[in-house]
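Open your viewer, switch to a cartoon view, and get ready to click your way through a protein one selection at a time.

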Amino acid sequence: MEPVIFSPVGVVHSPHKELSGMPVQPPSAAGIIGEIEIFPEFSEGLKDIEGFSRLMIFYHLHKSAGPLLSATPFFDTVPHGVFASRIPRRPNPLGFSVVRLLSCDGTILKIADVDILDGTPVLDIKPYVPEFDAYPNESSGWFEGKLSGIETKRSDERFL
């Protein structure tokens, strides 16, 4: 199969300048404000985005140190496979966050609950639609019972 190549549509500006100590998921980043700067050639793609309260941001984990197929995630003490976790060191370093949209001013999206490193290339944005994207009664695998304290969970040195 041929390689897949993506080009960024924008860049994240956030207060997170270092990988260590960052929030590990959007609930850990409640209230943290940042911006997504959409490149001018993609500005038309922002039409009607203001009507959404949340956005799904897909981005390149550009500071990933390379893939691990198994590792101990932030929410557990035993290793799990990369595809059964959300560890950042993935075969294809693709990140995904659901953030709150605060405003859109031209090509600048002001967002909240930002758990994304400053300077991260944005590959795509999709609106979060609860009727499509929320399945609150489904199984969460090994995550079940392990997410207490998520609001204050921060990254450490394990994936640098």
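Helices (H or I, at least four residues) and strands (E, at least two) are DSSP runs, numbered from the N terminus. This is a predicted model, in which local features need pLDDT of at least 70 and side-chain atom pairs count only at pLDDT 80 or more, while totals for chains, interfaces and linings use all residues. Residues are numbered from 1 along each chain as its sequence is written, and side-chain values use heavy atoms, with hydrogens and water left out.

**Stop 1: the whole chain.** Colour by secondary structure, and you will find 1 helix and 8 strands. Along the sequence they run β-β-β-β-β-β-β-β-α. The C-alpha atoms fill a box of roughly 45 × 35 × 35 Å, taken along the principal axes.

Stop 2: Zoom in on strand 1, residues 10-13, which pairs with strand 2 over 4 bridges in the antiparallel sense. Select V11 and look across to strand 2: the residue opposite is E37.

**Stop 3: the core.** Where do nonpolar side chains tend to be in soluble globular proteins? They tend to be buried together. A nonpolar core is a set of buried Ala, Val, Leu, Ile, Met, Phe, Trp, Tyr and Cys residues joined through side-chain atoms within 4.5 Å; buried means under 20% relative accessible area, exposed over 50%, and partly exposed in between (1.4 Å probe, protein chains only). Select I36, L55, I57, L109 and I125, the residues with the most contacts inside the largest nonpolar core, which has 20 residues. Strands 2 (33-38), 3 (54-60), 6 (94-105), 7 (108-112) and 8 (121-127) each supply at least two residues of this core. The largest share, 3 residues, comes from strand 3.

Which residues does I125 touch, not counting those up to four places away in sequence? Its partners are I36, I38, I49, L55, M56, I57 and L109, where contact means heavy atoms within 4.5 Å.

Next, select V24, F74, V82 and F159: they are among the 10 residues of a second, separate core.

**Stop 4: an arginine in a loop.** Go to R89, in the loop between strand 5 (80-81) and strand 6. Is R89 buried or exposed? R89 counts as buried because its relative accessible area is 14%. Finish at G66, whose backbone oxygen lies 2.7 Å from a polar atom of the R89 side chain; a polar contact is a pair of N or O atoms within 3.5 Å, and within protein, one must be able to donate a hydrogen and the other to accept it, while residues adjacent in sequence count only if both atoms are side-chain atoms.

Terms used:
Two strands pair if DSSP finds at least two bridges between them.
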